[in-house]
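Visitor: I would enjoy a close look at one part of this model. Could you pick a spot, walk me through it slowly, and then show me what lies around it?

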Amino acid sequence: MNGLIEWSALGQVVVAGLLIGAGIPALFALGLRLVAGTSETPEAPERSSGTPRETKGPVVIARPSPARLVGALLCFGTVVGAVGAGLVFLAAGGHS
Amino acid sequence: MGPVTETLLLVLVVVTALAFDFTNGFHDTGNAMATSIATRALKPKVAVLLSAVLNMAGAFLSLAVAATIAKGLVDAGAISLEVVFAGLVGGIVWNLLTWLLGLPSSSSHALVGGVIGSVLAAAGTAGVLWSGVLSKVLLPALLAPVIAIGVASVGTFLVARLTRGVSQDVTSRGFRWGQVGSASLVSLAHGTNDAQKSMGIILLALITAGAVPADSSVPFWVIISCAFFMALGTYLGGWRIIRTLGKGLVEIDSRQGMAAETSSAAVILLSSHFGFSLSTTHVATGSILGSGVGMPGAKVRWGVAGRMLAAWGLTLPAAGIVGAVCYWIQHVIGGFFGTFLVFALLVGTSIAIWVASRRKPVDHSNVNEEWDEAKGARLRTSVATTGEVGEPQVGPVVEERLASAMTPVISATTPGGPGTSGKGEQ
């Protein structure tokens with residue numbers, strides 16, 4: 001170990017963390033977007049704070065085109081795969 | 001020391017280690033579940049139950065050699081049963097105090113601080129490997145929240161961009177599922193990592209006392225009991241800390257919650273993979289902050305974050321002081337009776353803190369109430385009734401005494417005729 005911080009390990013954590021930790025939620029969001037499509041009012045408020053207006057019962061969305069569906073499945077598949085990899089990692093005792 | 005007292009001492013250490021294990025689960029429920037509770041992705045009781053089950057499962061998931069306590073931080077030769085015991089007491093007291101204040105702080109740092117304090121009392125400054133403390137504890141504690149804030153804010157920003165225009169019904173439903181999944185992974189990782197620490201302590205105590213051979217693996221009853229007590233602590237839930245993490249730092253929605261928990265899970269797992277271990281608490285807190293930073297228009301309460309940061313800075317010295325005082329009491333009185341006295345003090349302090357917590361209880365029914373910064377701040381002064389073991393609560397106590405001492409003076413000096421009637425009312 002040279003110096004107090006292991007820079008290479010730190011760098012790896014930051015880079016991989018950004019790729020996975022930020023990439024997975026982004027993929028998840030992309031998948032949702034592909035499945036659900038955007039509404040006609042894209043300028044909807046970014047964040048309607050306070051009252052989350054919600055309807056009970058199933059959310060009805062238009063059936064997405066096959067291409068979008070495949071894209072969404074790829075996105076969700078990657079997300080599930082990453083979670084699976086995390087589980088395998090934990091079970092293999094790779095933690096410290 | 002005779003064989004009987006030796007055995008009794010061992011029993012006390014094991015009981016205290018399990019108590020620490022319990023406070024560890026109790027203290028860290030919020031790391032995984034606070035965001036899911038705040039966005040109502042899960043009902044509070046369901047969330048803590050899920051987290052407890054996953055913590056329990058996590059403890060069994062991997063039985064790699066249990067982590068050795070404070071390895072590379074203190075001189076291994078300075079570790080004795082008394083030192084470990086005093087260190088555990090320091091960790092427990094600090095965990096309970098920060099819980100009372102609703103501040104998330106790293107349980108493993110509390111334990112490390114307690115052990116360093118007791119080693120200092122036992123062997124002097126030579127017993128502590130300061131460069132190890134700096135590079136393995138202090139610097140990671142500073143870096144963890146920075147990394148987590150960065151990752152979570154990028155993730156949240158991307159999510160906010162990508163879900164722009166998608167109907168809110170869809171996003172909140174979808175992201176709740178994502179939230180539950182990512183939070184579960186954090187719970188599982190916590191169970192695997194932190195239950196191992198308690199197992200390691202108990203194994204060390206057993207080996208030191210000669211109850212098991214030096215090359216023994218962790219006995220099954222140790223695994224079972226550590227898993228059980230951590231799960232029990234998780235289930236009872238540190239509601240005060242859950243509230244701070246879920247409601248206090250950032251007003252969070254399910255997209256932010258999912259981004260934050262995924263960032264926590266990724267950073268925690270990756271950091272242990274690359275051998276740069278970061279505290280679960282620091283990463284989880286940083287991720288939640290980051291989800292507020294990255295979300296356009298979200299408000300982050302930096303005052304709450306600042307208090308948290310102060311608590312992190314105090315963790316090592318405060319737990320260390322408690323650990324040192326405990327070792328000193330043990331040493332001065334000597335023998336089993338000294339240890340027993342410290343144990344009794346620990347029980348008394350714990351009860352006092354619990355009683356203090358009942359003055360303003362936070363539980364599953366009010367965990368999601370609107371955050372009122374003034375009210376949140378007032379929780380700090382309610383630490384008046386703790387015993388003499390804990391140093392850090394001296395400030396608030398003095399403050400409160402001063403306040404009550406000042407009031408009659410002020411009212412007495414207030415000019416005006418009916419001043420006497422004011423006295424009568426008191």
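**A threonine and its surroundings**

Guide: Happy to. Let us start with B:Thr262, which is found in helix α9 of chain B, the helix that covers residues 254-273. Please keep in mind that this is a predicted model. Is B:Thr262 buried or exposed? Its relative accessibility is 9%, and buried means under 20%, so B:Thr262 counts as buried.

Chain B has 15 helices and 0 strands. Of its 426 residues, 58% are buried. If you take the contacts in chain B between residues at least 6 apart in sequence, 86% of them join residues at least 24 apart. The chain exposes about 16,300 Å², and carbon and sulfur atoms supply 69% of that area.

For a look at how helices meet here, turn to α11 (residues 302-333) and α12 (residues 335-358) of chain B. Two packed helices are described by the angle between their axes and the distance between the axes. For α11(B) and α12(B), the angle is about 145° and the axes are 7 Å apart. The crossing of α11(B) past α12(B) is right-handed. On the α11(B) side, the contact is made by B:Cys326, B:Ile329, B:Gln330 and B:Ile333; on the α12(B) side, they meet B:Gly335, B:Phe337, B:Gly338, B:Thr339, B:Leu341, B:Val342 and B:Leu345. Sorted by kind, the residues of this contact are 7 nonpolar, 4 polar and no charged.

A loop deserves a visit too. B:Arg40 sits between α1 (3-38) and α2 (44-61) of chain B. Most residues other than glycine have a negative phi. B:Arg40 is not a glycine, yet its phi is positive, at about 60°. Its relative accessibility is 53%, and exposed means over 50%, so B:Arg40 counts as exposed.

A disulfide is a covalent bond between the sulfur atoms of two cysteines. Over all chains, the count of disulfides comes to 0, with a pair of cysteine sulfur atoms required to lie within 2.5 Å.

Notes. Residues are numbered from 1 along each chain as its sequence is written. Chains are lettered from A and ligands numbered from 1 in the order in which they are written. This is a predicted model: local features need pLDDT of at least 70, side-chain atom pairs count only at pLDDT 80 or more; totals for chains, interfaces and linings use all residues. Side-chain values use heavy atoms; hydrogens and water are left out. Axes are lines fitted to C-alpha atoms, for helices over the stretch in contact, and angles run from 0 to 180 degrees between N-to-C directions. Helices (H or I, at least four residues) and strands (E, at least two) are DSSP runs, numbered from the N terminus. A crossing is left-handed if the near helix is turned anticlockwise from the far one by less than a right angle, and right-handed if clockwise. Contact means heavy atoms within 4.5 Å. Ala, Val, Leu, Ile, Met, Phe, Trp, Tyr, Cys and Pro count as nonpolar, Asp, Glu, Lys and Arg as charged, and the others, Gly among them, as polar. Buried means under 20% relative accessible area, exposed over 50%, partly exposed in between (1.4 Å probe, protein chains only). Accessible areas come from the Shrake-Rupley method with a 1.4 Å probe; for residues, only the protein chains shown count as cover.
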